[in-house]
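Hello,

Here is the structure you asked for. My notes follow below.

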Amino acid sequence: MFIIVMSLFIAAALAISILIPRTRKSAIANAAHTGSKAHKVSNVYTAAEVSVHNKRTDCWIIIKDRIYDVTSYVEEHPGGDAILTHAGDDSTEGFFGPQHATRVFDMIEDFYIGDLAR
């Protein structure tokens, strides 16, 4: 009886931890610094400016001519170092690959910092 009760308790705890979305530290920090997404100022960066941000500790990516600073997400990335493959460069093709769930399209906006200069 005790084993059945404990199994049910563990199953319920796991189900709750999976179903309740977690707030990432980066999103909390971003909200604290900017107030809200609606007030973000769009900066314009050249490809050369973006290219120097190509490390684990300083990682920017380009997706459809929009620039994202994903440095705070590199360690959390479920695909490991795959996110670094195009650090400082255009990651559009990899981003829209079959490996990403649809929620990634909403998450990426938390990291938006500007647009690519044309």
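In what order do the elements of the chain run from the N terminus on? The order is α-α-β-α-β-β-β-α-α-β. That gives five helices and five strands. Helices (H or I, at least four residues) and strands (E, at least two) are DSSP runs, numbered from the N terminus.

This is a predicted model, with local features needing pLDDT of at least 70 and side-chain atom pairs pLDDT 80 or more, while totals for chains, interfaces and linings use all residues. Residues are numbered from 1 along each chain as its sequence is written, and side-chain values use heavy atoms, without hydrogens and water.

Confidence first. pLDDT is the predictor's confidence in each residue, from 0 to 100. The chain averages 77, and 67% of the residues score at least 70. Over residues 21-39 the pLDDT is below 50. Where pLDDT is low, the predicted coordinates should not be read in detail.

Now the interior. Of the 118 residues, 28% are buried (under 20% relative accessible area, 1.4 Å probe, protein chains only). The largest nonpolar core has 15 residues. Such a core is a set of buried Ala, Val, Leu, Ile, Met, Phe, Trp, Tyr and Cys residues joined through side-chain atoms within 4.5 Å. Ile-61, Tyr-68, Val-70 and Ile-108 touch the most other members. Strand 3 (58-63) and helix 5 (104-107) each give two or more residues. Strand 3 supplies the largest share, three residues. A second, separate core of seven residues includes Val-50, Trp-60, Ile-62 and Leu-116.

Tyr-68 deserves a look. Not counting residues up to four places away in sequence, Tyr-68 has contacts (heavy atoms within 4.5 Å) that include Ile-61, Ile-108 and Phe-111.

Best wishes

Technical notes
Buried means under 20% relative accessible area, exposed over 50%, partly exposed in between (1.4 Å probe, protein chains only).
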